[in-house]
Amino acid sequence: MTTATPAAARVPFDRTLLLVMPAAAFMLLLFIYPFIYGLLLSFNPKSGGALANYTHFFTTDNLWPTIWTTLKLALPATLINVGFALPIAYKMRNKSRYQRWVTTILVVPITLGTVLIAEGMLIYFGPKGWLSQFLQLIHLYTGPIRLTHNFWGVLISLVISGFPFAFLLILSYITGIDPVLARAASTLGADPKAQFRHIYLPLLAPGLAMCFCLAFVQAYSVFPSAVLLGSPAGPTRVISIAAYEAAFEQYDYSLASAIAMIMGFVQLIIVAAVLGLRNLWYRGPVSGGKG
Amino acid sequence: MGATAKPMNSTGSWFDRLWRVLLLGTMTLFVLNIGLIIAAVATSSFARRWLGTWLPDGWTTTWYTEAWREFQLGDILWVTVEVVFAVVLLALLIGVPAAYTLARRDFPGKRLLMLLFLLPLMVPPITYGIPMATVLYKLHLAGTIYGVILANLVPAAPFVILVMTPFIEQIDPNLESAARVFGASTARMFWHVLVPLLAPGILAASLLVLVRTIALFELTFLTAGSDSQTLVVALYYAVFAAGVRAPQSVDAMAMVYMSVTLILLLIALRFVNPTQLVSRVKEHPQPAT
């Protein structure tokens with residue numbers, strides 16, 4: 001610690017701080033260093049000037065639209081996941097016999113894995129699957145169901161795998177809010193809707209923003225299900241497919257790093273926008289835990 | 001109380017009832033369809049021949065033995081076990097001490113350090129996976145089991161830190177002071193006071209890292225060679241090369257995968273209430289007080 005200030009120098013060095021060093025060193029070595037390496041590599045293309053990869057990305061027809069393709073999938077998926085998780089978690093906020101059961105049931109999809117969801121959807125939504133047989137049985141709809149190998153297949157699989165995660169996260173935030181606050185509001189005549197709007201929502205804002213970001217990361221980096229359930233050449237050619245192809249099919253690591261950096265940058269914009277939006281509701285650090 | 005309030009919010013209660021029915025309906029539909037999706041895979045994995053009928057003609061377990069033989073499922077499971085346990089062990093080894101420091105001490109640069117540990121969870125795995133795979137290939141580590149372990153450790157170690165920090169904060173620092181008064185060294189205090197108290201937290205964190213690592217596709221996919229594939233990646237290749245393999249044996253493999261993760265997750269949920277997992281994340285984005 002060569003940068004220690006004179007005041008700190010008098011205090012004997014706290015050796016507990018050494019405990020954090022292995023983890024910090026590891027992250028620097030395997031996360032920060034590769035990131036910087038990739039960033040530099042992206043400005044060092046196979047041919048052309050420093051920005052050749054980036055101009056190539058934004059002028060090639062099967063590369064730059066992947067940003068919109070990805071956002072068109074990831075944003076609705078995240079909105080659906082968080083939008084449904086919020087009211088259901090709100091209903092579950094009080095400890096009850098059901099809470100544990102419902103939580104366990106809703107957590108199960110986490111264990112499925114993308115491949116099982118993909119396989120299951122291909123069978124279940126398939127032309128001879130249970131869904132189409134059932135719909136024909138009750139004469140509701142007899143045409144072919146087109147829910148796989150397109151946009152909807154990927155969206156559904158993103159909801160199945162993303163919803164439990166969003167639900168768990170929001171539930172943990174809601175249960176962290178002291179119910180005494182809502183009870184106090186109700187003695188002053190606030191109905192449940194007002195309680196939600198004026199007590200829970202402002203306190204939840206940071207958690208919701210965080211949950212939105214984490215759920216968005218999950219949906220945004222969709223790769224296996226976009227290949228297995230979508231049409232990876234057309235409407236679900238997401239940006240991670242483009243990055244993967246550049247790296248492992250064309251072996252152009254420089255271009256692949258550039259695409260990865262663009263991907264990270266777009267992600268960063270969304271996260272920054274969400275965290276900025278959070279401040280609309282969030283009015284200050286209310287330590288709602290201990291009331 | 002209900003009687004006096006009735007005339008005022010009769011429209012409200014009607015709306016509430018509709019809302020409740022809508023929520024319950026959506027949730028039931030969601031759970032039902034997921035159940036049927038799982039059941040479809042399960043049925044297919046046990047089906048002798050299943051073409052366009054409600055249930056297959058006959059039942060068999062040959063797909064499981066075939067998957068075992070054809071995919072070298074034994075080898076893949078062994079690699080998965082090796083990778084996952086190495087990742088859990090190493091993540092605990094570097095994560096728990098770091099979480100301890102973050103929970104107990106304030107020091108300049110702490111917030112920066114927290115950001116460093118939060119970033120791998122906020123950046124899409126493909127974004128840092130591709131540069132990381134490039135570096136690992138340069139070091140001739142990618143394609144080997146060590147590369148896979150290192151790659152998976154990048155999100156696993158911060159996850160342990162994130163889960164363990166609130167656990168450690170709950171423990172009374174006086175216990176440590178008492179151990180100090182009786183002359184325990186840091187290492188002794190760690191093993192004889194902290195570790196026993198932290199056991200449930202460590203167990204929960206390791207099980208969750210276990211489940212996450214088994215499920216983490218992208219990083220393993222980018223760094224694995226043909227003999228260092230874990231179960232998810234092998235499954236992906238099996239489906240991707242559809243037509244080469246019988247779909248039923250892929251289904252059988254998927255069922256094996258699901259049962260392994262499900263059992264581990266259910267064990268994890270016995271030790272940790274999922275609603276208390278992320279309390280640290282909640283506090284993090286708030287300004288320092």
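Analyst: Two residues are taken to be in contact if their C-beta atoms, placed from the backbone, lie within 7 Å. The model is a predicted one, and everything below should be read with that in mind.

By that criterion, 76 residues of chain B are in contact with 78 residues of chain A. On the side of chain B that touches chain A, the element that gives the most is helix α2 of chain B, residues 10-46, which contributes 12 residues. Sorted by class, the residues on this side of chain B comprise 55 nonpolar, 16 polar and 5 charged ones.

One helix pair that spans the two chains can be followed in detail. Helix α6 of chain A, residues 113-124, packs with helix α11 of chain B, residues 231-240, at an angle of about 30 degrees, and the axes are 8 Å apart. Because angles under 35 degrees count as roughly parallel, α6(A) is described as roughly parallel to α11(B). The contact of α6(A) with α11(B) consists of 6 nonpolar residues, 1 polar residue and 1 charged residue. On the chain A side, A:G113, A:V115, A:A118 and A:E119 take part, and they meet B:V232, B:L235, B:Y236 and B:V239 in α11(B).

Turning to chain B itself, its secondary structure consists of 13 helices and 0 strands. Of the 289 residues in chain B, 42% are buried. Among the contacts in chain B with a separation of 6 or more, 74% are between residues 24 or more positions apart.

Chain B is divided into domain 1, residues 2-60, and domain 2, residues 63-283. The centres of these two domains of chain B, taken over C-alpha atoms, are separated by 33 Å. Between them, 6 residues of domain 1 of chain B are in contact with 6 residues of domain 2 of chain B, and the domain 1 side of that contact has 3 nonpolar, 3 polar and no charged residues.

A helix pair within chain B can be set beside the one between the chains. Helix α4 of chain B, residues 73-104, packs with α7(B] at an angle of about 40 degrees, with the axes 6 Å apart. This angle makes α4(B) oblique to α7(B), and the crossing of α4(B) and α7(B) is right-handed. In the contact of α4(B) with α7(B) there are 24 nonpolar, 3 polar and 2 charged residues.

Most residues other than glycine have a negative phi. B:H140, although not a glycine, has a positive phi of about 60 degrees. With 10 other C-beta atoms within 10 Å, B:H140 is exposed. In chain A, A:H149 also has a positive phi, near 60 degrees, and A:H149 is found in the loop between α7 (130-137) and α8 (151-175) of chain A. A:H149 has 18 other C-beta atoms within 10 Å and is therefore partly exposed.

Methods. Residues are numbered from 1 along each chain as its sequence is written. Chains are lettered from A and ligands numbered from 1 in the order in which they are written. This is a predicted model: local features need pLDDT of at least 70, side-chain atom pairs count only at pLDDT 80 or more; totals for chains, interfaces and linings use all residues. Helices (H or I, at least four residues) and strands (E, at least two) are DSSP runs, numbered from the N terminus. A residue is buried if 20 or more other C-beta atoms lie within 10 Å of its own, exposed if 12 or fewer, and partly exposed in between; C-beta atoms are placed from the backbone. Ala, Val, Leu, Ile, Met, Phe, Trp, Tyr, Cys and Pro count as nonpolar, Asp, Glu, Lys and Arg as charged, and the others, Gly among them, as polar. Axes are lines fitted to C-alpha atoms, for helices over the stretch in contact, and angles run from 0 to 180 degrees between N-to-C directions. Angles under 35 degrees count as roughly parallel, over 145 as roughly antiparallel, 65 to 115 as roughly perpendicular and the rest as oblique. A crossing is left-handed if the near helix is turned anticlockwise from the far one by less than a right angle, and right-handed if clockwise. Domain bounds come from an automatic or database domain assignment.
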